Amino acid sequence: MISNAGRRLTGRTALFGMVVWLFAVVAPTPAQAEYADIVINNYADAAGMRPVVFPHWFHRIRFRCKVCHADLGFKFKAGGNAITMAKIIDGEFCGACHNGEVSWSVENCDMCHSGIPGTPTHFHGSTVQRLIAPPFKGVDQSKQTQ
Amino acid sequence: MVYQKNKIGSLLSVFMLTTMTVASSQAVADNGTESVFAGGSFMVTQVNAANTFNVNLKKVKDPNAAPPDDGIHDPENPATHVLQPPKDAYIGLPTTEFGNHIDWVKAIDDGLLKPRWERTDPTAEPFVLDLDIVRPVKASVPDVVFPHRQHTEWLSCSNCHPAIFVPQKGANQISMSAILLGQKCGVCHGKVSFPITTKSCRKCHSKPKPAGWKPPLSEATLKNPWK
């Protein structure tokens, strides 16, 4: 009798497990973009454009870090360079290469402006992003009541 | 006989539970149900949604997803489908278990990649400095060896010195918490270069402690030794 009950239970478990397993396979997952992809949305949303997605992996296959981060003056900070289309057209930042000479030119708007609208500026897959607790912001001394 | 069947059933269920946990912790968290192995047979229990397994562990299923499927690129943008999928570019490159799942340094060392050092001059060579810096670590993990060679293959001196690291012995206070929050080594590691995971600790912490090394005693123990 006990073994019979056990058998029924195992069958039911297997069925239930199958259902949950199927759900797990089909269920949508959070963003899984490539490590070090950067979304830059300083001005794009406000200007009615999709935010820019910058793929580090694609560029590091072709150039060493030094080319952009020393020669072209890109700071090591997502969204910290205040890049505008005017600067790019004048040959600064992305415009140093994306000028139709080293790489394709700025008329290919949607190649860069390809992010999901409303995505905030961030570094995809960074350690800070993966931390469960948000990073400590420090205490604003001026707001302390003493 | 029946016992045997039961055992096979349990094994099957255990296998399915494993697959399901690995595949997605989300699903388990969502319906608040978890299977528990109890007393030789397999039982299903209803667990409070607050107490489910792995609520904070977010596993990435496909680490090198193509742009239209990666959750950041807009699939409705026609140009998204023109962008190169990372997997196409990574064919033949040495792999790792973290970051882009590519060992970029080894790819250069093996001559599989030759990224430009100058924007327009493909023949320019980097100025490589072969100098290892050993940083003793207070805790019991192996000491850190910082290799300038791999870093100067990619970067110029001015990228790190003097803004991030003061080029002077003992002048840089580095801690893992600072690195995890994006300072010091964390300016790049954990963002672009290899990330900080339990699988990558030993890439930096690579020099074994000297023979006879013992962990230092805490002040509380020194002041009030256990009797």
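**View 1. R60(A) sits over a ring of chain B.** In this predicted model, R60(A) lies over the face of W154(B). The distance to the ring centre is 4.6 Å.

**View 2. A salt bridge joins R64(A) and E153(B) across the two chains.** The N to O distance is 3.3 Å. R64(A) comes from the loop between α2 (56-62) and α3 (65-71) of chain A. E153(B) belongs to helix α5 (residues 148-154) of chain B. R64(A) counts as buried, at 4% relative accessibility. E153(B) counts as buried too, at 14%.

**View 3. K114(B) and E125(B) meet in a salt bridge.** The N to O distance here is 3.1 Å. Both residues lie in the loop between α4 and β3 of chain B, so the pair ties together parts that are eleven residues apart in sequence. K114(B) is exposed at 52% relative accessibility. E125(B) is exposed at 53%.

**View 4. K223(B) pairs with E219(B) in a salt bridge.** Their closest N and O atoms are 3.4 Å apart. The two residues are four apart in helix α9 (residues 219-223) of chain B, so about one helical turn separates them. K223(B) is exposed, with a relative accessible area of 67%. E219(B) is exposed as well, at 55%. Over all chains, the structure holds twelve salt bridges.

**View 5. Y90(B) and W104(B) form an aromatic pair.** The search of the whole structure finds five aromatic pairs over all chains. In this one, the ring centres are 5.8 Å apart and the planes stand at 85 degrees, so the pair is edge-to-face. Y90(B) lies in the loop between α3 (86-89) and α4 (104-109) of chain B, and W104(B) in helix α4, so the pair ties together parts 14 residues apart in sequence. Both residues are buried. Ring pairs also link Y90(B) and W104(B) with W57(A) and F58(A) into a cluster.

**View 6. F98(B) and F194(B) make a tilted aromatic pair.** Centre to centre, the distance is 6.2 Å, with 55 degrees between the planes. The pair links distant parts of the chain, 96 residues apart. F98(B) is buried, at 10% relative accessible area. F194(B) counts as partly exposed, at 24%. K203(B) lies over the face of F194(B), 5.1 Å from the ring centre.

**View 7. Four residues of chain B form a nonpolar patch on the surface.** They are F127(B), L129(B), L131(B) and I133(B). Together they have about 350 Å² of accessible area. L129(B) is in the loop between α4 and β3 (132-135) of chain B. At 32% relative accessibility, L129(B) counts as partly exposed.

Terms used. Residues numbered from 1 in each chain as written. Chains lettered and ligands numbered in written order. Predicted model: local features only at pLDDT ≥ 70, side-chain atom pairs only at ≥ 80, totals over all residues. Heavy atoms only, no water. Phe/Tyr/Trp six-rings, centres within 6.5 Å; stacked < 30°, edge-to-face > 60°. Buried < 20%, exposed > 50% of the residue type's maximum accessible area, 1.4 Å probe, protein only. Lys NZ or Arg CZ within 6 Å of the ring centre and 35° of its normal. Patch = residues over 30% accessible without salt bridge, like charges linked within 9 Å, V, L, I, M, F, W, Y side chains within 5 Å. Areas by Shrake-Rupley, 256 points an atom, 1.4 Å probe, with all protein chains shown as cover. Salt bridge = Lys/Arg side-chain N within 4 Å of Asp/Glu carboxyl O.
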